[in-house]
Amino acid sequence: MSMEQTNTLDVKGQNCPMPVVKTKAAFDELDEAETLEVLATDPGSMNDIEGWAASTDGAELVEQVETTGGDGTVYKHYIRKAE
Amino acid sequence: MSTETPAGSEASLSAEEVAELRARVDELEAELADVQSQVDERSEKMVIIATKGTLDMAYPPLILASTAAAFGYDVTVFHTFWGLEILHEENSKELQLSSVGNPNMPVPNAIAALPGMDRMTTRLMRGRIEDNDVATVESLVQTSLESGVDLQACQMTIDLLEYDEDDFYDGVTTGVGAASAFREMAEADIQLLV
């Protein structure tokens, strides 16, 4: 999938409510059609960010990926700002 | 010369009356659209009354407030009595927790009441908070302020506890009391007391 410019927000090591609160702040900084990549270790972030995107006008949750690697489990969220 | 309308058609309206009714419907539709857009544009509001200042009870209002702000809510947290400690720059970094009379904590009352035990209980909880990457009270206060949450300090309590406006974080609202808290609650969609 092609995405226009993607900004990354790293909230690994931070738990509720930080992932959602910081996602909102970072999302507000995006230009239209840009995508925000959020990296989190908080398992709650899956539901929290999904819920936040659903309630936020102009926020499109493109996908959420759970990856397991050297760092432990990392949850990646991709949110696109609608035009 | 007036024409008698045939029987059975008294229920039907003259062209004039129809035109009047149409105009009235248009007017009402416009008014409705107006009200609808006012409702849609009005951002949702949450008010929390924070009355507790122990380490555990500082979290619910702060987490709810910052999360609601992330959802676009207009949030006010009115801190009164011990809630003021959350806004106090120094004290907020040293909030305490006691196991006395707290069946949620593992320490029996008789022991929990011994000198020094509150410090231990607090230290235990702080350790847990740090180990679990939970934000500190101080960072949640800053985050809330940055998110546009209105953190208010009850003036009466400020005077009662002999605090000063300068004791609080920058950006905390002072000079407010029960009447303003009440008015905010009356207009809010969510009202909570912690």
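Chain B contains an open sheet of five strands in the order S4-S3-S2-S1-S5, with parallel pairing; helices (H or I, at least four residues) and strands (E, at least two) are DSSP runs, numbered from the N terminus, and two strands pair if DSSP finds at least two bridges between them. The model is a predicted one, in which local features need pLDDT of at least 70 and side-chain atom pairs count only at pLDDT 80 or more, while totals for chains, interfaces and linings use all residues. Residues are numbered from 1 along each chain as its sequence is written, chains are lettered from A and ligands numbered from 1 in the order in which they are written, and side-chain values use heavy atoms, with hydrogens and water left out.

At the edges of the chain B sheet stand strand S4 (173–176) and strand S5 (190–193); each has a single partner strand, so one side of each is left without a neighbour in the sheet. On average, neighbouring strands are turned by 20 degrees against each other, direction ignored; axes are lines fitted to C-alpha atoms, for helices over the stretch in contact, and angles run from 0 to 180 degrees between N-to-C directions. Four bridges link strand S2 (residues 74–79) of chain B with strand S3 (residues 150–154) of chain B in the parallel sense, and B:Thr76 stands opposite B:Asp150 in S3(B). Helix H2 (residues 59–70) of chain B lies across strand S1 (45–50), S2 and S5 of chain B, at about 170 degrees to S1(B).

Leaving aside residues up to four places away in sequence, B:Gly175 touches B:Ala153 and B:Gln155, where contact means heavy atoms within 4.5 Å.

Chain A has an open sheet of four strands in the order S1-S2-S4-S3, with mixed pairing. Its edge strands are strand S1 (6–11) and strand S3 (59–69) of chain A, each of which pairs on one side only. Strand S2 (residues 35–40) and strand S4 (residues 72–81) of chain A run antiparallel and are joined by six bridges; A:Leu39 has A:Lys76 in S4(A) as its bridge partner. Helix H2 (residues 45–55) of chain A packs on the sheet, touching S2, S3 and S4 of chain A, and its direction makes about 170 degrees with that of S3(A).

The two chains also touch. B:Thr143, in helix H6 (residues 137–146) of chain B, is in contact with A:Met18 and A:Val21, and B:Thr143 is buried, with a relative accessible area of 11%.

Some backbone features deserve attention. Most residues other than glycine have a negative phi, and most peptide bonds are trans. The peptide bond from A:Cys16 to A:Pro17 is cis, with omega near 5 degrees, and A:Pro17 is placed in the loop between S1 and helix H1 (18–29) of chain A. B:Asp133, although not a glycine, has a positive phi of about 55 degrees; B:Asp133 belongs to the loop between helix H5 (117–131) and H6 of chain B.

How values were computed: Buried < 20%, exposed > 50% of the residue type's maximum accessible area, 1.4 Å probe, protein only.
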